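Subject: Structure for your review

Dear colleague,

I am passing on the structure that follows, together with an account of what was found in it. Please read the notes alongside the coordinates.

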Amino acid sequence: MFIFNSSIGKKFIQAVSGAFLVLFLLLHATINFFSVIDSVFLHTYGAVANDEVLFSAGDGLFKLGCDFMSTPFISIMVPVLALGFVIHILYGCWLTVRNIIARGGIKRYEVSQKGATDSWSSKNMLVLGLLILGILAFHLTGFWMKMQMPELLHIGTFENNPYILLGLVFGKWWSLLIYLAWFVVLWLHLTHGVWSMFQTVGWNGTTWFKRIKVIGNIISTIIVVMFMAVAINAFIQVNFIA
């Protein structure tokens, strides 16, 4: 098929699957950032995290956000977005390996714009993607395997309180440092990936090129800053407030 055999078709698949990744991260970061709002603005984080009655009653924006994630529509949408995430990573690795073999050596992704070839991120998208994938496995053991997997597959011990999970994962300094480094890698990957996605679908005119790069940087920064704020806030809650 044309979409699988042509370079344009392959880039289009990466762009569409990359859009799923961005949507998934935006949704995920927003829900998690509710925990920061609970802490800084509503001052309910500690009470809800440590009081089962308040938690069960639904007090706490983060708790309500997690409940929203379990609604039927979101329960269907999240696996679809996550699947697009996985396809994006695996397909990107496959394309890069094929390009390396076809060109007889380690080469970068071919890009049409001079600004992209000057970008460090654009030259190392495979490395960044593999780093993201590697630490993702560590991330899944801390959250998905303790909340979603027991609920969906009835395997393991189910943890109903997301505030407790935040503390368990981000409460240790070494875990926090790993995640902060991971978020930096994610930012580098997204800053190239978002504008490249728009470029692939045709938004690559002279007027829009610089604007798209700015938009991509803004979206990437918002996502990563929210994730970093969640991690740092959880660490503070566990070690200095609780």
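This is a predicted model: local features need pLDDT of at least 70, side-chain atom pairs count only at pLDDT 80 or more; totals for chains, interfaces and linings use all residues.

Residues are numbered from 1 along each chain as its sequence is written, and side-chain values use heavy atoms, with hydrogens and water left out.

**The chain as a whole**

The chain holds 13 helices and 0 strands, where helices (H or I, at least four residues) and strands (E, at least two) are DSSP runs numbered from the N terminus. Of the 242 residues in the chain, 40% are buried. Taking contact to mean heavy atoms within 4.5 Å, 71% of the contacts between residues at least 6 apart in sequence join residues at least 24 apart. The accessible surface of the chain comes to about 13300 Å², of which 73% belongs to carbon and sulfur atoms; the areas come from the Shrake-Rupley method with a 1.4 Å probe, and for residues only the protein chains shown count as cover.

**Aromatic pairs**

Rings of Phe, Tyr and Trp (its six-membered ring) are taken to pair if their centres lie within 6.5 Å, with planes under 30 degrees apart counted as stacked, over 60 as edge-to-face and the rest as tilted. By this rule the count comes to 8 aromatic pairs. In one of them, the rings of F62 and Y163 have their centres 5.2 Å apart and their planes at 90 degrees, so the pair is edge-to-face. Because F62 lies in helix α5 (residues 61–69) and Y163 in helix α11 (residues 162–170), this pair ties together parts that are 101 residues apart in sequence. Both F62 and Y163 are buried.

The rings of F170 and Y179 likewise form an edge-to-face pair, because their centres are 4.9 Å apart and their planes stand at 75 degrees. F170 counts as buried at 4% relative accessibility, and Y179 is buried with a relative accessible area of 1%. Ring pairs link F170, Y179, W182, F183 and F227 into a cluster.

**Helices α5 and α11**

The helices that carry F62 and Y163 pack at an angle of about 105 degrees, with the axes of α5 and α11 9 Å apart. Here axes are lines fitted to C-alpha atoms, for helices over the stretch in contact, and angles run from 0 to 180 degrees between N-to-C directions. That angle makes α5 roughly perpendicular to α11, given that angles under 35 degrees count as roughly parallel, over 145 as roughly antiparallel, 65 to 115 as roughly perpendicular and the rest as oblique. On the α5 side the contact is made by L61, F62, K63 and C66, and on the α11 side by P162, Y163 and L166. The residues of this contact divide into 6 nonpolar, no polar and 1 charged, where Ala, Val, Leu, Ile, Met, Phe, Trp, Tyr, Cys and Pro count as nonpolar, Asp, Glu, Lys and Arg as charged, and the others, Gly among them, as polar.

Helix α11 is largely enclosed by the rest of the structure, because 7 of its 9 residues are buried; these are P162, Y163, L165, L166, G167, V169 and F170.

**Further individual residues**

H28 is found in helix α2 (residues 7–42) and, at 23% relative accessibility, counts as partly exposed. Leaving aside its neighbours within four places in sequence, H28 is in contact with H139 and F227.

S175, in helix α12 (residues 173–200), is buried, with a relative accessible area of 2%. With its neighbours within four places in sequence left aside, S175 is in contact with F138 and V169.

Finally, H43 lies in the loop between α2 and α3 (45–50) and counts as exposed at 61% relative accessibility. H43 and G60 are 17 residues apart in sequence and 9.1 Å apart in space, C-alpha to C-alpha.

With best regards

Conventions: Buried means under 20% relative accessible area, exposed over 50%, partly exposed in between (1.4 Å probe, protein chains only).
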